[in-house]
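Open the model in a viewer and keep the selection panel at hand. The stops below go from aromatic rings to charged side chains and end at a pair of helices.

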Amino acid sequence: MTQRELFSSTDPRAPGKLAERWAIGLLRLPGGYQPYTVSLRDIERDSAWAESAFRRIGIEPGAPMHLIGTGCDNEILWPYENALIRMKVPFGVAEPVAIDAPRTDMFLRRFRMQAVVGLSGEIVDALLALGRDLKTLFAHSTLVALPDAAPTLRMHGLVPWTMVPIGPLYAFESRARDGARYDESEWLIEEDGGQLLLTSLAPRACPFVRLRTGVAGRVEQRIGDGRTERLVHLTDRT
């Protein structure tokens with residue numbers, strides 16, 4: 001065995017080991033926090049899904065957009081940044097908390113953002129506290145909001161997409177509110193007692209079997225174009 005082969009077979013820093021455990025984060029679940037590891041395979045697959053979701057939303061190359069997400073979720077959020085880089089979409093980022101609302105405000109007043117993705121209830125409330133007119137501020141943007149922001153946006157005459165966090169993934173529901181779609185090649189979402197359960201289908205670094213996500217919802221099976229699709233509907237929302 002050569003020195004290089006010996007190194008790669010015993011040292012956890014070898015490329016193969018790094019690929020298997022590219023990043024580790026913490027999932028916030030009903031029972032507390034759980035470590036969540038992603039491999040380079042997971043990142044690649046999630047980036048492909050993120051790109052398909054952005055294209056379905058209508059994100060186009062060249063025009064800037066605003067992406068909001070918490071830094072402690074980077075192992076989940078990075079594929080969405082990666083997808084935008086691949087699509088040649090310039091983007092500015094902010095955290096989804098009230099203290100960072102001036103950053104979102106600055107981006108939207110200075111740039112003609114084609115979309116705002118990940119808009120949270122805290123950010124919306126903080127923008128209103130700053131005296132901003134939401135229809136004017138978001139006039140040029142497709143909105144993709146978290147479930148806690150969507151009702152307020154609708155009250156102000158806006159019609160957002162909804163970005164639904166379910167454990168380590170995001171599902172996306174169109175403006176028609178016809179159910180949220182997710183990557184069914186990687187995940188299976190089921191329902192038990194009104195709570196969404198998550199099972200990984202692909203060989204991910206951190207597999208789950210019927211993980212209790214704490215998200216209240218139901219699953220609809222719909223047949224169209226010769227295939228069966230599973231759509232997620234949240235409960236207790238307006």
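Buried means under 20% relative accessible area, exposed means over 50%, and partly exposed lies in between, with a 1.4 Å probe and protein chains only. This is a predicted model, in which local features need pLDDT of at least 70, side-chain atom pairs count only at pLDDT 80 or more, and totals for chains, interfaces and linings use all residues. Residues are numbered from 1 along each chain as its sequence is written, and side-chain values use heavy atoms, with hydrogens and water left out.

**Aromatic rings**

Rings of Phe, Tyr and Trp (its six-membered ring) pair if their centres lie within 6.5 Å; planes under 30 degrees apart count as stacked, over 60 as edge-to-face and the rest as tilted. The structure holds six such aromatic pairs.

Select Y36 and F208. They form a stacked pair, 5.9 Å centre to centre with 15 degrees between the planes. Y36 lies in strand β2 (residues 32-38) and F208 in the loop between β11 (195-200) and β12 (211-224), so the pair ties together parts that are 172 residues apart in sequence. Helices (H or I, at least four residues) and strands (E, at least two) are DSSP runs, numbered from the N terminus. Y36 counts as buried because its relative accessibility is 2%; F208 is buried as well, with a relative accessible area of 4%.

Next, select Y80 and Y170. This aromatic pair is edge-to-face, 5.5 Å centre to centre and with 75 degrees between the planes. Y80 belongs to helix α4 (residues 74-86) and Y170 to strand β8 (residues 169-173), so parts that are 90 residues apart in sequence are tied together by the pair. Both Y80 and Y170 are buried.

**Salt bridges**

A salt bridge is a side-chain nitrogen of Lys or Arg within 4 Å of a carboxyl oxygen of Asp or Glu. The structure holds 20 of them.

Select R41 and D42, whose closest N and O atoms are 3.1 Å apart in a salt bridge.

Move on to D192 and R212, where the side chains meet in a salt bridge of 3.1 Å, N to O. This pair links distant parts of the chain, with D192 in strand β10 (residues 187-192) and R212 in strand β12, 20 residues apart. D192 is partly exposed at 35% relative accessibility, and R212 is partly exposed at 39%.

Then select E220 and R222. Their salt bridge has its closest N and O atoms 3.0 Å apart. R222 is partly exposed, with a relative accessible area of 28%, and E220 is partly exposed with 22%.

**Two packed helices**

Finally, select helix α5 (residues 101-110) and helix α6 (residues 121-129), which pack at an angle of about 70 degrees with their axes 9 Å apart. Axes are lines fitted to C-alpha atoms, for helices over the stretch in contact, and angles run from 0 to 180 degrees between N-to-C directions. The helices α5 and α6 are therefore roughly perpendicular to each other (angles under 35 degrees count as roughly parallel, over 145 as roughly antiparallel, 65 to 115 as roughly perpendicular and the rest as oblique). Show the side chains of A101, T104 and D105 on α5 and of I123, A126 and L127 on α6, the residues that make the contact (heavy atoms within 4.5 Å).
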